[in-house]
Structure formats: structure tokens, C-alpha cells
Amino acid sequence: ETCVSKGCIEEIVTRIQDETEGVPVRTVKSFLTKIPSVVTGADIVQWLMKNLAIEDPAEAIHIGSLIAAQGYLFPISDHVLSLKDDGTFYRFQAPYFWPSNCWEPENTDYAIYLCKRTMQNKTRLELADYEAENLARLQRAFTRKWEFVFMQAEAQVKIDTKKDRIERKILDSQERAFWDVHRPVPGCVNVTEMDIRKCRRMKNPQRVKKSVYGLIEEGQSQSPVHRPSQLARKGTKEDVEKEIVFLNSQLDRHCIKVSKVAESLMTYTEQYQEYDPFVVSPEPSNPWTSDDLSFWDLEVSPFSCKITFSDRERNMMGNDNLL
């Protein structure tokens with residue numbers, strides 16, 4: 001059986017990039033331009049079959065797609081992270097962006113990235129439809145701090161313009177691939193997503209919050225272990241006992257991001273909203289609370305008999321009973 005754990009994947013990726021025994025990385029000349037530091041999907045498949053003793057090409061493609069789904073290598077012209085056994089060009093991800101660094105980027109970082117893309121007049125940096133929708137949604141969510149997001153993006157654009165053109169092209173593609181992993185195309189599986197129920201069972205989760213662009217959180221925690229040192233005083237026995245109780249409670253605390261909870265609730269609501277009369281009004285509407293009488297018309301049985309007073313007068317037995 002083939003091992004596909006993260007440690008094993010990174011070992012394979014390191015071997016693939018070896019200068020002597022790995023896949024040769026080359027610069028391809030295209031029409032009026034050069035494509036730097038790329039390999040083909042066919043070369044990767046052949047290397048996997050040769051060095052991992054794989055006989056079936058489909059198995060090699062499957063393993064390569066698992067590596068690509070984690071973002072260790074990516075197609076330079078597609079947001080869908082998968083491996084194809086053809087001449088498609090791929091590029092290796094920088095170790096800084098590897099999943100083993102326990103990335104869990106915030107939406108603020110994603111907003112800065114998308115905003116930065118809109119400032120650069122390059123065809124390869126144009127936003128896809130789903131990215132434009134995400135940018136509009138984030139702009140509404142961060143209305144109060146959008147000026148801060150815009151300034152951060154503007155500062156990064158100025159830094160990027162000072163870099164070498166080829167280096168900038170490689171870094172742009174690696175940054176795009178990083179966000180393709182953490183904010184994938186709709187319909188693709190998010191390999192970084194953790195189930196909320198699993199998070200609740202984990203007392204010491206390995207996920208680490210990191211800001212991709214080195215941003216500092218505005219708010220500071222007021223817990224005893226995060227108070228400024230200048231306010232500290234010599235603790236008494238009661239203070240130490242309180243701190244121990246506090247730290248023990250923090251160890252047992254289930255920490256789940258609000259965005260994860262909100263996303264789970266939204267998914268659940270969208271799944272069952274058509275059955276919830278509080279979210280979707282039933283059809284037809286209640287005639288006791290609205291002017292629509294369609295409900296009464298539907299409730300009338302086709303076999304029910306409507307006998308009026310005039311019908312009874314015309315009937316002989318009806319007249320006898322009436323008199």
C-alpha cells in the first residue's frame with residue numbers, strides 16, 4: 001500500500017525536486033514570452049511510476065492528484081488542483097506555503113490578496129468569477145476596516161513591483177495556488193476544512209492561526225496570562241490557585257472559529273430551509289393570516305355535495321319535509 005501522509009508527501013515532493021534524481025525543472029519558451037520553472041504532468045507521472053514502483057499509470061495519477069490537492073504542486077493556468085498525464089505545465093509550491101506549517105489564514109488576508117490582484121493590470125492576475133464574488137462579499141463584511149485592507153494591498157503591490165519580473169511571476173502563481181487550497185473553487189473539496197464535531201473532540205488541536213501577511217490582531221486578550229508585565233504584582237496563594245483554575249478551564253475549552261460555526265449553520269439552513277415554515281412560507285399561504293383563499297379551494301373535496309335552499313324547494317321530498 002502506498003503511504004500518502006503529509007510527511008510522506010513532503011518526502012516525495014523533496015525527492016521530485018532533487019537536482020540530480022528529480023524531475024528536470026526548465027524554462028519553456030512560448031510566443032513572445034518565457035514560462036519559468038515548470039514541469040509537465042507527464043514527467044511527474046513517469047517519475048512517480050519509476051521511483052515509487054508503480055505499475056498502473058492511473059495509480060500514479062491518483063497519488064499525484066493527492067499531492068496537488070494539498071498544494072505541493074499546481075497547474076500554472078488552472079485553479080483546479082489535480083494532476084493530468086499530459087503536457088500541462090506544473091510548478092512546485094514554495095516550502096513557506098506548505099500545509100505542514102499549519103496555515104489557517106483569515107478572511108482579512110484573503111481580502112488583501114484579492115484587492116491586490118485588482119490593482120495589478122495583468123491578464124494572468126484577473127479575478128475569476130467566483131473570486132470577484134468573494135471580493136464583493138468580503139468588502140461588505142469588512143466595510144469598517146476596508147481602508148486598512150486597501151492600504152495593506154497597496155503597500156504589497158509597491159513591494160512586488162521592485163522584484164525581478166520572472167521572480168514576481170513565480171511568486172504570484174505560488175500565492176494563487178496557496179489560496180486555491182484554502183479558498184478552493186466552488187465544487188472542489190476543501191482539504192483544509194475540519195469537521196466541527198471533530199474539533200470539539202480535540203482538546204489539543206494542531207491547527208495554528210497564522211496571518212499570511214504578518215498582520216497584528218487589533219484586540220488583545222484580557223486573560224491573566226496575557227496581561228502587560230508592568231501591571232504584574234507578586235501573586236499570593238489565592239492568585240496562583242485562581243490562575244491554575246483558569247488555565248485548566250482553558251485546556252478543556254473547545255475553541256472553534258466563528259466563521260466555521262457560521263458556515264456550518266448556513267449549510268444546515270440551506271439544506272432544510274424548504275421544510276421550515278419560518279424561513280420559507282408554505283404554499284398556499286394560511287388564509288387566517290393572509291387574504292389568499294387558495295387554501296380553502298384546495299381543501300374542498302371533489303366528492304362533496306353542495307345543496308342550496310333553492311335546490312331543496314325544487315325537490316318533492318324536500319318540499320314535504322320543509323312543510
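**Salt bridges, a sheet and a surface patch**

A search of the whole structure finds six salt bridges. A salt bridge here is a side-chain nitrogen of Lys or Arg within 4 Å of a carboxyl oxygen of Asp or Glu. The model is predicted, so local features need pLDDT of at least 70, side-chain atom pairs count only at pLDDT 80 or more, and totals for chains, interfaces and linings use all residues. Residues are numbered from 1 along each chain as its sequence is written, and side-chain values use heavy atoms, leaving out hydrogens and water.

Start with Lys116. Its salt bridge partner is Asp160, with the closest N and O atoms 3.8 Å apart. Lys116 lies in helix H4 and Asp160 in helix H6 (residues 146–161), so the pair ties together parts that are 44 residues apart in sequence. Helices (H or I, at least four residues) and strands (E, at least two) are DSSP runs, numbered from the N terminus. Both Lys116 and Asp160 are buried. Buried means under 20% relative accessible area, exposed means over 50%, and partly exposed lies in between (1.4 Å probe, protein chains only). These two residues also belong to a network of salt bridges with Lys163 and Glu175.

Helix H4 holds another such residue, Arg117. Its side chain meets that of Glu131 in a salt bridge (2.9 Å, N to O). Glu131 lies in helix H5, so this pair ties together parts that are 14 residues apart in sequence. Both Arg117 and Glu131 are buried.

Between helix H4 (107–119) and helix H5 (129–141) runs a loop that contains Gln120. Gln120 is buried, with a relative accessible area of 14%. Not counting residues up to four places away in sequence, Gln120 touches Leu125, Val157 and Asp160. Contact means heavy atoms within 4.5 Å.

Now find the sheet. It is open, with four strands in the order E1-E2-E4-E3 and antiparallel pairing. Two strands pair if DSSP finds at least two bridges between them. Strand E1 (26–30) and strand E3 (73–75) are the edge strands, each pairing on one side only. On average, neighbouring strands are turned by 50° against each other, direction ignored.

Four bridges join the antiparallel strands E1 and E2. Lys29 stands opposite Lys34 in E2. The two strands form a hairpin with two residues between them, and Leu32 in the turn has a positive phi of about 60°. Strand E2 (residues 33–40) also pairs with strand E4 (residues 89–92), over two bridges. There, Thr40 has Phe89 as its bridge partner.

Which strands does helix H7 (residues 165–182) touch? H7 packs on the sheet against E2, E3 and E4, and its direction makes about 45° with that of E2. Axes are lines fitted to C-alpha atoms, for helices over the stretch in contact, and angles run from 0 to 180 degrees between N-to-C directions. Within H7, Asp180 and Arg176 are four residues apart, about one turn of the helix. They form a salt bridge, the closest N and O atoms being 3.4 Å apart. Asp180 counts as buried at 4% relative accessibility. Arg176 counts as buried at 11%.

Finally, turn to helix H11 (residues 294–299), where Trp296 is found. Trp296 is partly exposed, with a relative accessible area of 37%. Pro284 sits in the loop between helix H10 (258–272) and H11. Pro284 and Ser294 are 10 residues apart in sequence and 6.3 Å apart in space, C-alpha to C-alpha.
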